[in-house]
Amino acid sequence: MIKKYSIKELLNNGNFFLEKKVLVEGWIRFFRNSIFIALNDGSTIKNIQIVLSKNIDKKLIKKITIGTSIKVIGILKKSIGKKQSIEIKSLYISIYGKVDQKNFQKSILQPKKHSLEKLRKQAHLRFRTSIFSSIIRIRHHIAFSIHKYFHEHGFFYINTPIITTLNAEGAGNMFQVTTMDLKNIPCIKKGDIIDYKKDFFQCKTYLSVSGQLEAETASLSLGKVYTFGPAFRAENSNTSRHLSEFWMIEPEIAFYHLEENMNLAENFLKFIIRYIIENCVEDLSFLKENIKKWNQEDNFSILDRLELILKFPFKRISYTEAIKILEKKNKKFFNPVIWGMDLQSEHEQYLVNDHFQHPVIVFDYPSCIKAFYMRINNDGKTVRAMDILFPKIGEIIGGSQREERYDLLLKRMKDTKIDDRKLWWYLDTRRFGSVPHSGFGLGFDRLVQFITGMKNIRDVIPFPRTPNNAEF
């Protein structure tokens, strides 16, 4: 029986398979001179060349078009051509699926450059383009490296609810979940108050924006845990950095203070980037060569930017120090700089790109702009929060030391109008053996965007969910 190989296996171990009969399957990327096929099976950015037999049926040749899926049995040979080192001399070819030539002209399968916006409109087909297949392979390796890092550092992976009754951040719009008939919504008596007791969960529920609070409860028993799952924001934001459905990584660690949390976050990011540089050379090289055409930027180098992350320790400054730096700068910002404001993208980018020229960790933010669960500092004005800012992308990680003191947490919840009755279980964790603990959230899609160098976050997730866009 002839063994089937992936194209990546053959290209990486070509000398071992020389003069052997092999079986490959894939999709035709190019077909030239009625004899040479460039075949790709998705395992690598590279194609393998198939050389057709002179005796091939001419009727079969007419069916061989770009996008057609085929099975090939042949002998692996050294290539005399300059563009490839090995090729397959075909002995047998069969066609799995033909391409409708009438519709082909309208699709993105044609071997020509399309705009990224055009690719988004055919999200079901854009996996077949070189640019998007490279991004998806890199996305896979980033996800794998995340699990690898946490496993090697003693973390336990837990799954937190997607359906929730609360907003972890205490702000922002959420997607509501209901099984009620929207044409006949039950109300309490004759009033206009909806009777959620008639709903599936007998209460008002939403799609979660974070698994942090639940992860905290697990960390206070297991020590080190992390979540890696989808999160949802129902905000009408059409920027290049926001999605309505996105993926979050959220570690929570017992007996960790802010300084340890910052160390973990920095080491974690560097581990991922180092892993990608070492394991995604082909796809990174392809993006390096082609990204300018897609993003229309000059002086752009993905690898240089990734290596810069590894080169220096992240600069750590307090929020107050950051405000002083921004105030001293003669540059006029669109958003005036005032202590107590939330740093905007223009401020973050100035700190990272212009002032320090490498990643920055800003810590000790004003309590008025941060979530209720962050630990209050002794000054009573700031909290033990931290954000990591990256070039081009801005905030990539947000985290804090959590407020472990029951009385202060309860007061903070009341001050920020958080319903403590819904979070009775969260408060319980502070009543029974509370300890200092910390954690952070990493936007997975934003990290993929940074590593691949893509300008728009919609181009790094298979099926982007944004306002007015849920077709696929």
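I call a residue buried under 20% relative accessible area, exposed over 50% and partly exposed in between, with a 1.4 Å probe and protein chains only. The model is predicted, so I keep to pLDDT of at least 70 for local features and 80 or more for side-chain atom pairs, while totals for chains, interfaces and linings use all residues. I number residues from 1 along each chain as its sequence is written, and side-chain values use heavy atoms, without hydrogens or water.

**Loops.** I looked up Phe255 and found it exposed, at a relative accessible area of 56%. Phe255 sits in the loop between β11 (245-254) and α8 (258-279); helices (H or I, at least four residues) and strands (E, at least two) are DSSP runs, numbered from the N terminus. Its phi is near 60°, positive although Phe255 is not glycine. Lys392 also has a positive phi, near 70°, and lies in the loop between β14 (382-390) and β15 (394-401).

**Sheet.** Next I traced an open sheet of three strands, ordered β7-β9-β8 with antiparallel pairing; strands pair if DSSP finds at least two bridges between them. β7 (163-164) and β8 (176-177) are the edge strands with a single partner each, so one side of each has no neighbour in the sheet. Two bridges join β8 to β9 (residues 205-207), and Gln176 has Tyr206 in β9 as its bridge partner.

**Helices.** Which residues of α7 meet α14? I noted Gln212, Leu213, Glu214, Glu216, Thr217 and Leu220, which meet Trp425, Tyr426, Thr429 and Arg430 in α14 (contact means heavy atoms within 4.5 Å).
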